[in-house]
Amino acid sequence: MNQQDPRLSPTVLEPTHETSQFGGLLIVSVIASAAGILFLLAPDMGWPLRIFLTAIILLTLKYWGSVMVLVAVQADLFFREPPRSAALQGATGLFTVFMIVALLMFINRNRELLKHAASRPLSAILSLIVSVFRGKIAFDSGKAVREILQMLGATVRAIALLVGCVFVSRILLGTLPNRRTLNEDLQGWMLDETPVLQCSLLLTGVIAVWVVCHEISWRQLTRDQARLYLRSVFLTIHHADLRMIVRGRLRQRLKAARAKKDQKARFFLQD
Amino acid sequence: MTALARWLALPAIAGLYLGILREQTGLMLLSLSVLVWLLAEWLLFTSRVWFELRHLKFERSVNGRTEPSGILWAGRSVAVEVRLRSSILGIGSIVRIRDVVPENMEVMDQENDVTVRSRVHSAVFRYRAKVLGAGQLRLPGFRIVMLDRQGFFRAERFIACTQSFRVLPAFQQVGDPEPIVKRINSQPQHGIHRLQRSGMGSELLELREYVAGDPPKSIAWKVSARRDKLMTRQYESEVPVRLQLFIDGSIGTRTGGFGLRLLDQMNFVAASVAKAAISAGDPVGAMLFDERGLRRVPAATGDRGFHRLLDALSDFSVNPAPIPDRLTNRLVETASGVAADQFPELLDDRVNHIPFLLFPISPWAHRRLRERYRLAAVIAQLYRMSPAKQLQLVYDDPLMATFAQHFLSQSGMSWMEPVVSIRNRGFHDGMSRMEILSSALARAVSQARDNEVFVVFADLLECAPSLSHLMPAVKMALARHHRVAFVCPSPTFIRPTEESTVIRSLSAEDLLLAAEQIRTRELAARLQFELRRIGATVSISGESSAIHLVLSQMALARTGRMAAGGVR
């Protein structure tokens with residue numbers, strides 16, 4: 001009869017300090033996957049050094065997220081990948097890059113969980129592990145199902161984004177002239193031929209998108225922000241003059257105050 | 001863009017550059033993919049901010065009421081419910097929403113800070129909070145922090161949703177009120193003394209056991225002989241006992257956190273006493289005084305009179321504009337912190353430009369100056385100042401101090417160290433406080449009728465040396481057969497007894513507390529000696545014992561006895 005639209009029934013929001021039901025599992029997955037990829041790097045290096053470097057990078061996950069992992073992978077590629085190698089071209093190269101960026105995404109996504117876990121004292125973490133094994137922690141199955149659905153949705157979106165990013169990069173690399181072909185491409189461009197022309201068209205497109213984005217971001221300003229912007233632009237332009245006037249006024253006021261004080265002192269001494 | 005995104009972009013750009021130089025396809029592809037990923041996240045995030053925040057609407061209900069103004073009670077907890085609605089697209093994760101509450105409100109378990117973790121169209125969150133002190137409470141709105149899933153971008157906004165409440169002081173319902181029957185409950189005109197002795201009406205109310213101090217005339221001799229113990233006749237009291245409250249709101253009583261101010265203690269006792277008196281049909285008036293002057297609340301009875309008194313106390317408890325003080329780094333930092341909390345969008349570098357500054361050379365001083373420029377811009381925007389005035393805020397310390405104090409005070413900050421300098425205030429204010437109190441007491445005596453009880457709520461402990469200025473007025477009131485009681489709240493909320501001075505442990509807090517109690521006890525002993533010598537009663541606490549002291553004074557006035565010891 002009087003059925004309520006499910007969209008109108010409000011979701012009850014949880015306080016920020018509430019954590020995920022799968023927090024522990026996610027943390028372990030992040031650490032395991034990061035450690036896994038780090039162990040694959042630099043096979044020529046001795047094990048103690050590799051373990052040491054892996055441990056150092058894992059310790060930085062809390063603050064730096066995936067930055068140090070990216071640096072490590074880039075360093076490995078820089079030293080080990082031969083120039084003009086065909087090993088990372090084609091489907092293999094795309095898949096490798098896809099996996100690495102997916103790992104970076106996964107680490108970044110769970111950085112807050114790592115932070116939260118690392119902020120707790122060791123004894124609390126140990127007691128949590130013990131209580132998990134003893135089954136003392138209440139498991140909210142409804143919440144868990146909701147979280148699993150959310151995670152699935154997020155994973156699908158992330159994969160779509162990732163595939164898009166890697167393919168766009170591949171296309172860009174294919175379109176942009178590289179160092180070896182630059183001279184030939186420039187000559188071709190002079191003769192009104194393709195790659196550099198495509199590149200310049202692409203750059204024009206990027207600039208146009210940037211202008212549009214910039215315009216959108218400016219149009220998001222609130223009324224107060226717009227007023228403040230005008231005020232600060234005015235102040236920036238006339239800063240030197242206004243500062244001179246303000247300082248002059250303050251100096252005059254100080255002088256007047258001193259003169260008044262001296263006058264009072266003289267009056268007191270005369271008495 | 002957060003630091004994480006910048007740090008990720010840096011190796012990606014470097015890797016792309018090196019990859020192009022060395023023609024390493026894998027390195028190039030990986031680095032470019034990371035850069036494209038960052039760009040894609042930025043586009044998604046910007047579109048989210050553009051579409052989602054624009055349509056976000058909030059509705060807050062406090063104790064089930066959504067009106068922009070209302071009434072709350074100090075010391076009681078309130079239930080707050082916030083509903084948020086968005087457009088058809090809804091609002092996605094991760095959005096942190098915090099209902100910004102002023103210092104006068106204590107939120108239980110930080111439940112005013114919630115996170116949207118999945119896409120919602122409408123949502124609700126509830127929390128409970130306790131209102132700490134009487135005065136005013138303003139809930140300004142919601143602070144929104146929008147983040148992308150990866151933590152690369154962050155947008156902070158403040159969505160105004162203002163609700164203002166008058167906070168009435170807490171009071172205690174004093175149990176077992178005396179059964180008082182009054183046929184006529186009107187105050188006699190000046191010069192007309194309807195009763196020779198107050199509380200000795202013509203109609204018998206009840207017989208009770210004799211208590212030392214009862215007038216011998218009221219002893220029922222025949223009944224006493226029959227029962228073999230002294231019995232007293234209790235008559236109806238026909239003349240109401242008028243209670244006149246004198247409340248000190250000087251700066252010393254306003255400093256401290258809400259709920260911990262001396263003024264809060266005084267309000268509690270005054271409201272409790274007024275409630276008890278009005279329940280017995282006695283009129284209650286008040287004289288409220290501070291540095292701004294004297295305000296008189298006419299004596300009134302009934303619930304209406306009680307609420308009028310509470311309204312007056314509530315208005316009086318609102319901290320006025322602070323006394324201009326010198327500028328300190330802490331004041332600037334606190335004001336900047338509050339500005340970042342309540343006006344994050346005005347601190348955005350895109351709109352709050354800072355002109356090029358060469359001096360000062362020192363990086364710390366340079367950073368402080370930049371922070372001051374930013375704060376000056378926010379204050380200038382809020383108070384609608386001209387650009388010249390804005391720049392004056394940067395270079396004129398007293399002006400900046402005044403506006404920063406105003407800003408903090410209006411943002412609901414209590415009068416603590418950054419807002420006012422507390423040290424040595426008591427000594428400076430003591431003399432003027434005594435003069436104002438003395439004139440208020442003299443004025444009340446000149447307007448008084450029979451059977452008045454004057455209760456002075458003042459921080460006299462700190463200005464005990466200036467007590468001689470008050471003595472003539474007190475003596476005059478006592479000479480006119482009024483009763484005078486003093487309630488001096490103690491800064492530690494603890495009655496300064498022998499036991500309270502015992503050192504519980506050797507921790508710094510306990511040692512400081514004990515030292516404070518010893519000092520308070522010495523001051524209290526001196527004050528009590530001076531005032532009791534002339535016949536006034538004193539309570540050194542803002543707790544229930546003070547309420548009972550005042551009520552016992554009213555009972556004495558009603559029965560016609562002068563003192564519990566039988567002196568008439």
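This is a predicted model: local features need pLDDT of at least 70, side-chain atom pairs count only at pLDDT 80 or more; totals for chains, interfaces and linings use all residues.
Residues are numbered from 1 along each chain as its sequence is written, and chains are lettered from A and ligands numbered from 1 in the order in which they are written.

On confidence, the predictor gives the complex an ipTM of 0.75 and a pTM of 0.73. Within chain A, helix H9 (residues 182–190) does worst, at a mean of 62, and H11(A) does best, at 89. Residues 1–8 of chain A fall below 50, and this stretch has three contacts beyond near neighbours in sequence. For chain B the mean pLDDT is 81, and 89% of its residues reach 70 or more. Two stretches of chain B stay under 50: residues 192–198, with 17 contacts beyond four places in sequence, and residues 564–568, with nine.

Now to the interface, where two residues are in contact if their C-beta atoms, placed from the backbone, lie within 7 Å. Chain A puts in 72 residues and chain B 63 residues. Among the elements of chain A that each supply at least two residues are strands S1 (11–12) and S2 (14–15), along with helices H4 (67–80) and H5 (90–109); helices (H or I, at least four residues) and strands (E, at least two) are DSSP runs, numbered from the N terminus. H11(A) gives the most, with eleven residues. By class, the chain A side has 36 nonpolar, 22 polar and 14 charged residues, where Ala, Val, Leu, Ile, Met, Phe, Trp, Tyr, Cys and Pro count as nonpolar, Asp, Glu, Lys and Arg as charged, and the others, Gly among them, as polar.

Axes are lines fitted to C-alpha atoms, for helices over the stretch in contact, and angles run from 0 to 180 degrees between N-to-C directions. Angles under 35 degrees count as roughly parallel, over 145 as roughly antiparallel, 65 to 115 as roughly perpendicular and the rest as oblique.

H4(A) and helix H1 (residues 3–22) of chain B have axes that come within 9 Å and cross at roughly 10°, which makes the two roughly parallel. Here Val67(A), Leu70(A), Val71(A), Gln74(A) and Phe78(A) meet Trp7(B), Leu8(B), Pro11(B), Gly15(B) and Leu18(B).

H5(A) packs on helix H2 (residues 25–52) of chain B at about 45°, with the axes 10 Å apart, so the pair is oblique. Contact residues include Ile100(A) and Val101(A) of H5(A) and Leu29(B) and Trp37(B) of H2(B). The tally is seven nonpolar, five polar and no charged.

Finally, H11 (residues 223–237) of chain A and H8 (residues 363–382) of chain B have axes within 10 Å that cross at roughly 120°, and are therefore oblique. Asp224(A), Arg227(A), Leu228(A), Arg231(A) and Ser232(A) face Ala377(B), Ala380(B) and Gln381(B) in this contact.

Key: pLDDT is the predictor's confidence in each residue, from 0 to 100.
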